[in-house]
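Grab the model and work through these exercises with me. Try each task before you read its solution.

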Amino acid sequence: MTGVKELLQEKDHVFLDFDGPVCDVFAELPAREVADRLKRLVGPDLPADVRATADPFDVLEYAWSCGPNTAHVVERQLSRLEGEAVSQIAPAPGAQETIREWAAQGFTVTIVSNNSVDAIRSFLTVYELTEQVRRISARSTSDPGQLKPNPTLIEAAMRALGASPGQCVMIGDSAADVLAARAAGVASVALAVTPTKREALASVDPDALVSDLADLRSAG
Ligand SMILES: [Mg+2]
């Protein structure tokens with residue numbers, strides 16, 4: 001694996017995952033509660049794995065399999081609940097400083113996230129990060145196939161910047177971030193704050209692995 005500072009120095013554009021690196025979206029409004037509220041919109045006859053899941057995105061995926069109308073209703077409600085969730089939380093320690101430092105060093109920063117564009121935008125506004133974050137490439141449709149690990153959101157970010165894959169790096173805390181980056185031909189830095197996450201992320205072979213967002217500072 002490459003040294004993370006060397007890797008960043010070679011790049012112009014930072015693609016940053018939202019849930020995890022920037023904030024813990026469901027810290028106050030738990031993901032399980034959100035998932036359960038979405039399940040009620042889909043109906044009583046859910047498959048056992050959907051009934052059991054605590055992941056709102058599993059419910060969205062199931063809703064999509066039921067048809068675009070169901071998926072639309074679930075996605076809109078998920079977006080509202082994400083908005084509610086992020087209104088109750090603060091940025092992860094060091095996240096604001098890191099984003100500001102990158103912007104000051106001349107990187108463009110794009111949030112690339114499976115969370116809704118609206119929720120992310122309102123969070124960035126509240127914490128005065130809209131100037132440092134060039135764009136948001138995030139969920140804007142009810143089709144879960146457009147989300148990471150699919151490279152669509154990363155490719156959209158590159159298109160908007162007129163950037164080539166070699167100029168970009170994706171930083172995220174899940175395997176989906178690493179896989180989406182690889183599918184787009186973009187380097188990836190995995191953020192693993194616990195030993196369990198470190199093991200899971202190492203297994204998908206990111207270009208670099210860090211345990212703290214602070215490891216990505218002073219790297220320009
Ligand atoms: Mg994440």
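**Exercise 1: the metal site**

Find the protein donors of the magnesium ion (N, O and S atoms within 2.8 Å of the metal, or 3.2 Å for Na, K and Ca; water is not among the atoms, so sites may look incomplete).

Solution. Asp17 (OD), Asp19 (O) and Asp173 (OD) are the protein donors, lying 2.1 Å from the magnesium ion. Along the sequence, their spacing reads D-x1-D-x153-D. Helices (H or I, at least four residues) and strands (E, at least two) are DSSP runs, numbered from the N terminus.

A word on the ground rules: this is a predicted model, where local features need pLDDT of at least 70 and side-chain atom pairs pLDDT 80 or more, while totals for chains, interfaces and linings use all residues. Residues count from 1 along each chain as its sequence is written, and side-chain values use heavy atoms, leaving out hydrogens and water.

**Exercise 2: one side of a helix**

Work out how the buried residues of α7 (residues 117-126) are arranged.

Solution. List them: Val117, Ala119, Ile120, Phe123 and Leu124. They sit on the same side of α7, because their arc (from the directions between helix axis and C-beta atoms) covers only 165°.

Notes. Buried < 20%, exposed > 50% of the residue type's maximum accessible area, 1.4 Å probe, protein only.
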